[in-house]
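My notes follow the model below.

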Amino acid sequence: MQIRPILAALRRHRLATLLISLEVALACAVLCNACFLVAQRWELIQTRSGVDESSLAMVMVHGFEADQGKDLNARMLAGLRAVPGVQSVNLISQVPFGPQTGAAGISHDQGSFKRKIGVVDFVLAGPGTFQALGLELVAGRLPKVGDYSPATNFAPADAQVLVSRSLAEHAWPGESPLGKEFWCDKLHFRIIGVVDHFARARPRDWGSQAVEWTVFTPTLPGGSLAGTYLLRAKPQDLPRVLRDARNAVAKIAPDVVLDQENSRTLVDLRASYFKADRIMIDLLIGVIATMLCVTALGIVGLASFWVGQRQKQIGVRRALGATRGDILRYFQTENFLIVSFGIALGMVLAFGLNLLLMSHYELPRLPLYYLPVGALALWGLGQLAVLAPALRAAAVPPVVATRSV
Amino acid sequence: MFAYYLDLALRSLRRNPVLTGLMVLAIGLGIGASMTMLTVLHVMAQDPLPQRSAQLYYPHIDPLPKAYPAHNDWGDPSDNFTWPDAMALLERAGRGAAMAGGNVLVWPVDPDQMPFRLQGHYTTAGFFGLFGLSFEQGHGWSPADDEAHARVVVLSHELAHKLFGEADAVGRMVRLDDSEFQVIGVTADWAPQPMFYADASSKGGFGEADRFFLPLSTAVDLDMGVSGNQASWKEGENGKRSPGLTWLQVWVELKDAAQVRAYRQFLVDYSAQQQRLGRFERPAQNARLYSLMGWLQHEELVPGDVRLQLWLALGFLTVCLTNIIALLLAKFLRRSAEVSVRRALGARRRDIFLQFGIESALIGTLGGALGIAIAQAGLWSVRHRPDAYAAVARMDLSMLALTVVLAVLGSVLAGLLPAWRASRVAPALQLKAL
């Protein structure tokens with residue numbers, strides 16, 4: 001295929017060529033960045049909680065005095081454990097994707113924030129909660145009976161805790177975190193173990209680095225640890241078990257109020273927590289699809305116009321011996337050149353747009369492999385769009401050349 | 001001439017229904033997407049209290065210790081006030097109110113019904129006059145009630161109706177958390193959006209309206225739960241009245257520029273005085289006075305997602321408009337022969353330009369109409385999002401007009417280049433080829 005005659009023809013239609021290239025370039029820039037945003041959100045939605053979500057649910061009650069906590073816990077644990085199908089009921093202060101109850105700043109030093117580590121979630125948990133959650137221990141040991149300490153002021157004053165691996169790597173890079181200490185103002189903590197993954201309650205509010213900055217704090221029931229219960233059942237039984245448990249609360253403890261909104265399965269809590277991101281993904285995909293359609297239609301429109309305009313020239317070429325395939329390839333090559341020109345410009349634009357987004361949003365740099373993938377998509381789109389007009393051009397009979405000259 | 005060109009344009013559009021439909025669709029989609037997001041942004045940046053906003057101001061002083069992190073993860077703790085500062089600032093203002101949001105358990109009169117949690121505000125007597133709330137029954141409380149820590153409450157219309165039905169609510173008792181309160185007034189439903197007066201660091205700018213109001217001093221006495229951001233840096237026995245705990249919001253009314261100037265000076269003087277007393281550690285020049293709209297800007301209530309979606313929509317519109325330019329160019333140049341005949345018969349370049357300009361505008365008008373429909377559908381879907389601002393996303397007349405203007409302007413601009421090119425066609429060459 002000779003490219004020079006095509007270039008010569010395009011030079012005669014500089015403006016239209018430029019416009020379509022420009023459209024392809026813009027589409028390329030928006031496509032790469034929008035896909036990147038979709039990937040970012042998708043990653044967020046896939047946040048690992050580190051717990052057996054499909055078999056867990058949370059039951060939360062309000063409206064009791066602090067000194068009633070111990071008594072309430074005893075009644076609730078006994079009552080909920082009696083619900084048929086329940087595998088275990090344990091005390092916990094917060095679960096991933098549920099309401100956040102204990103976020104606080106911690107530091108390497110006592111009483112000041114000079115050597116700050118960051119804001120972490122304290123998850124207070126009673127005996128057996130670790131096993132019920134299904135957390136995976138990667139170093140150290142599980143809490144023993146003596147490790148559970150009472151908490152009145154949101155967290156125990158002096159506690160043996162387990163931290164997530166991500167928090168350990170952040171606070172003590174390259175060191176073993178076991179036996180290390182940290183402080184939350186005057187509260188003191190010592191690390192006895194490390195868990196593989198454990199997401200905080202509101203992971204997307206704290207930046208991508210801090211998604212798992214969680215401190216698993218073994219706590220004695222009562223005080224700050226009351227009113228929130230972790231239910232475990234077989235995944236297929238869970239919806240029924242939770243429904244029965246919710247109904248049972250009115251009989252077990254008629255003096256408290258069930259939190260209707262948050263007493264749900266972890267799967268539900270996750271779905272509603274990430275609903276906005278899911279909508280954003282749908283929206284972005286919708287915009288990408290519509291934009292590609294508009295671009296394709298633009299290419300179809302222009303190619304059809306050129307085919308119509310060049311009827312006579314096509315007829316002459318056919319009369320001089322060009323095959324249908326030659327004509328088809330001519331238009332395909334022409335489209336390839338125009339789109340290539342657009343893509344070249346589009347890569348620069350995509351990169352610029354990414355820089356612009358980075359300066360306004362917490363967004364990493366666009367990975368380079370997005371550019372060739374975007375280019376391939378647009379080449380494919382261009383070839384697909386030009387196919388119909390090109391086939392029509394190929395169908396022009398040589399006899400046209402002889403007409404009305 | 002205009003009518004004639006319009007007729008020509010209509011004929012031309014009808015000749016190529018597919019191409020016409022394509023262009024209208026492209027403009028409609030681009031405009032529809034952009035207008036959806038512009039409307040969301042517009043309602044988020046609107047004045048929540050148009051009659052009174054010009055005279056409402058939010059003071060800002062900085063009582064935090066030097067070492068305290070200025071902007072923690074919940075927002076700026078110095079955006080809120082300590083009890084002693086709030087009271088000192090109110091004393092100096094003609095009309096003003098201190099307040100904090102609260103979430104309480106409301107016990108229905110009917111003992112068989114379950115209690116429920118509702119959002120309201122603890123505030124001082126000036127609140128109702130300051131923001132211009134109107135009462136359906138009864139009245140607000142007096143400064144004397146504030147002093148006396150009276151157990152009184154003002155309900156919103158909705159809550160009063162929910163608790164007492166059609167019956168008169170004033171004088172009745174209602175149990176909130178663990179205490180009984182006497183209802184002394186019922187306000188008409190009042191829900192300014194954004195909820196500018198709520199604790200902004202908790203980012204609750206758009207959401208459920210307040211259902212009750214009760215005296216701040218009473219809430220402090222009963223140690224009722226506060227829903228906003230609280231930052232403390234000093235151990236104190238005073239609880240919520242501690243000089244080392246910021247948790248209150250303060251709004252004041254200032255009637256003219258002179259009062260504003262005087263109050264601003266007072267804030268600096270007050271800060272300097274507190275600094276001399278050794279309480280404030282940061283420079284007195286940190287004291288500020290925000291107008292209502294300035295305060296909303298300072299709090300940056302518009303979420304990043306919304307701005308991102310707007311950029312996306314505008315990018316999409318640009319792609320659509322580029323597409324229109326290319327298509328119009330192709331379309332107009334295809335009619336070179338027709339243009340040449342008209343030119344040979346005496347039409348000036350200007351006439352050709354005008355003819356094609358009108359055709360572009362017509363496409364724009366059709367696209368604008370489609371855009372309005374698409375934007376309405378878009379806003380409908382926005383209202384079904386879980387975000388707090390979703391419910392307020394509605395198009396008003398000015399945005400409706402803007403949609404049409406934007407569509408016509410966009411398509412006329414897009415048509416400029418093709419129309420100009422068409423008017424430059426050399427008639428002789430084309431006529432020879434006919």
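I began with the contact between the chains: 34 residues of chain B and 39 residues of chain A take part, where contact means heavy atoms within 4.5 Å. The model is predicted, so I kept its limits in mind: local features need pLDDT of at least 70, side-chain atom pairs count only at pLDDT 80 or more, and totals for chains, interfaces and linings use all residues. Residues are numbered from 1 along each chain as its sequence is written, chains are lettered from A and ligands numbered from 1 in the order in which they are written, and side-chain values use heavy atoms, with hydrogens and water left out.

**Interface of chain B and chain A**

I looked up the area next. The two chains bury about 3,400 Å² between them, and 77% of it lies on carbon and sulfur atoms; buried area is the accessible area (1.4 Å probe) that two parts lose on being put together, summed over both. On chain B, the residues B:Leu308, B:Leu312 and B:Val319 supply 17% of the area buried against chain A, more than any other three residues.

I then searched this interface for charged and polar pairs. The rule finds zero salt bridges across it, a salt bridge being a side-chain nitrogen of Lys or Arg within 4 Å of a carboxyl oxygen of Asp or Glu. It finds one residue pair in polar contact, both at pLDDT 80 or more. For that term I used a pair of N or O atoms within 3.5 Å; within protein, one must be able to donate a hydrogen and the other to accept it, and residues adjacent in sequence count only if both atoms are side-chain atoms.

Which elements of chain B give two or more residues to the side that touches chain A? I noted α2 (17-44), α10 (304-334) and α13 (397-423), helices being DSSP runs (H or I, at least four residues) and strands likewise (E, at least two), numbered from the N terminus. The largest share, 20 residues, comes from α10(B). By class, this side of chain B has 20 nonpolar, five polar and nine charged residues. Here Ala, Val, Leu, Ile, Met, Phe, Trp, Tyr, Cys and Pro count as nonpolar, Asp, Glu, Lys and Arg as charged, and the others, Gly among them, as polar.

**Helix packing around α13(B)**

I checked α2(B) against α13(B): the angle is about 145° and the axes are 10 Å apart. Axes are lines fitted to C-alpha atoms, for helices over the stretch in contact, and angles run from 0 to 180 degrees between N-to-C directions. Residues of α2(B) that meet α13(B) include B:Ile27, B:Ile31 and B:Met35. This contact has eight nonpolar, five polar and no charged residues.

I also checked α12 (residues 349-383) of chain B, which packs on α13(B) at about 150°, with axes 7 Å apart. Its contact with α13(B) divides into 14 nonpolar, twelve polar and one charged residue.

A:Asp121 is in strand β4 (residues 116-125) of chain A, and A:Arg200 is in the loop between β8 (187-195) and β9 (214-218), 79 residues apart.
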